[in-house]
Amino acid sequence: IRNNTYRIFPTHGDSMYPYPENCMVVAEYVTNWTILQNTPCIVILKTQQDFLFKMVSYLNGGFVLRSLNPLYKNQDVAPEDILEIWRYKSHMSEEIPLSDSPLESLVGIINDIKRDVSFLRQQNK
C-alpha cells in the first residue's frame, strides 16, 4: 500500500444513499480501469468541474455509472471523457446512521415497483 495514491473527496447529494450526504470518501487511484465491475468509485470527468461518486462497471469498451439510489438513471460514459477514477476504500461521517423507518422501507418498495413497471413497458415496445 506504500506506493498507492489516496485522496479524500466530500460527497454531495443523495444519489449514493445510504452513504450520507457530506461524508468524506477515502479513495485509491486506479490505473487499470478495465477491472472495475460494480465498484464504488469517484469519477472525474473532463467536461465537469466536480466529480461523481457512483458504482462503476467497465462494459464493452465503455463505462456504466450507477447510483445506489434507484431514482437516478444510469449514465454511460466513454473512456475518453474520463480524466481519473478513484476506487472507494472507506468513508467518514459526522452523522449517526439511522435505521430504516417503515416509511423509508415503503418508499424503497414503491421505487422497486416503479423500476419494474418501467422495465416491463420498455419490453412491450
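Phenylalanine 53 has a relative accessibility of 8% and therefore counts as buried, a term that stands for under 20% relative accessible area, with exposed meaning over 50% and partly exposed what lies in between, computed with a 1.4 Å probe and with protein chains only. The model is a predicted one, in which local features need pLDDT of at least 70 and side-chain atom pairs count only at pLDDT 80 or more, while totals for chains, interfaces and linings use all residues. Residues are numbered from 1 along each chain as its sequence is written, and side-chain values use heavy atoms, with hydrogens and water left out.

Taken along the principal axes, the C-alpha atoms fill a box of roughly 45 × 40 × 25 Å, and buried residues account for 32% of the 125 residues in the chain.

The aromatic side chains can be taken next. The structure holds eight aromatic pairs, a pair being rings of Phe, Tyr or Trp (its six-membered ring) with centres within 6.5 Å, and planes under 30 degrees apart counting as stacked, over 60 as edge-to-face and the rest as tilted. One of these pairs is formed by phenylalanine 9 and phenylalanine 51, whose ring centres are 5.0 Å apart and whose planes stand at 65 degrees, so the pair is edge-to-face. The two residues come from distant parts of the chain, phenylalanine 9 from strand 1 and phenylalanine 51 from strand 4 (residues 51–59), 42 residues apart, and both are buried. Another pair joins tyrosine 19 to phenylalanine 53, with ring centres 5.1 Å apart and planes at 65 degrees, so that this pair too is edge-to-face. Because tyrosine 19 lies in the loop between strand 1 and strand 2 and phenylalanine 53 in strand 4, the contact ties together parts that are 34 residues apart in sequence; tyrosine 19, at 18% relative accessibility, counts as buried. Phe9 and Phe51 also belong to one aromatic cluster with Tyr29 and Trp86.

Tryptophan 86 leads on to the charged residues, since the charged end of arginine 7 sits over the ring of tryptophan 86, 5.8 Å from its centre; for such an arrangement, NZ of Lys or CZ of Arg must be within 6 Å of the ring centre and within 35 degrees of the ring normal. The charged end of lysine 54 likewise sits over the ring of tyrosine 72, 5.4 Å from its centre.

Three salt bridges are present in the structure, each defined as a side-chain nitrogen of Lys or Arg within 4 Å of a carboxyl oxygen of Asp or Glu. In one of them arginine 7 is joined to glutamate 84, the closest N and O atoms being 3.9 Å apart, and this pair links distant parts of the chain, with arginine 7 in strand 1 (residues 6–10) and glutamate 84 in strand 7 (residues 82–92), 77 residues apart. Arginine 7 is partly exposed, with a relative accessible area of 38%, and glutamate 84 is partly exposed at 23%. Glutamate 28 and lysine 89 meet in a salt bridge of 3.2 Å, N to O, and since glutamate 28 lies in strand 2 (residues 24–29) and lysine 89 in strand 7, the pair ties together parts that are 61 residues apart in sequence. Here glutamate 28 counts as buried at 10% relative accessibility, whereas lysine 89 is partly exposed with 43%. Aspartate 112 and arginine 115 form a salt bridge with closest N and O atoms 2.5 Å apart; being three residues apart in helix 1, they are separated by about one helical turn.

In the loop between strand 1 and strand 2 lies threonine 11, which is buried with a relative accessible area of 5%.

Terms used. Helix = DSSP H or I, 4+ residues; strand = E, 2+ residues; numbered from the N terminus.
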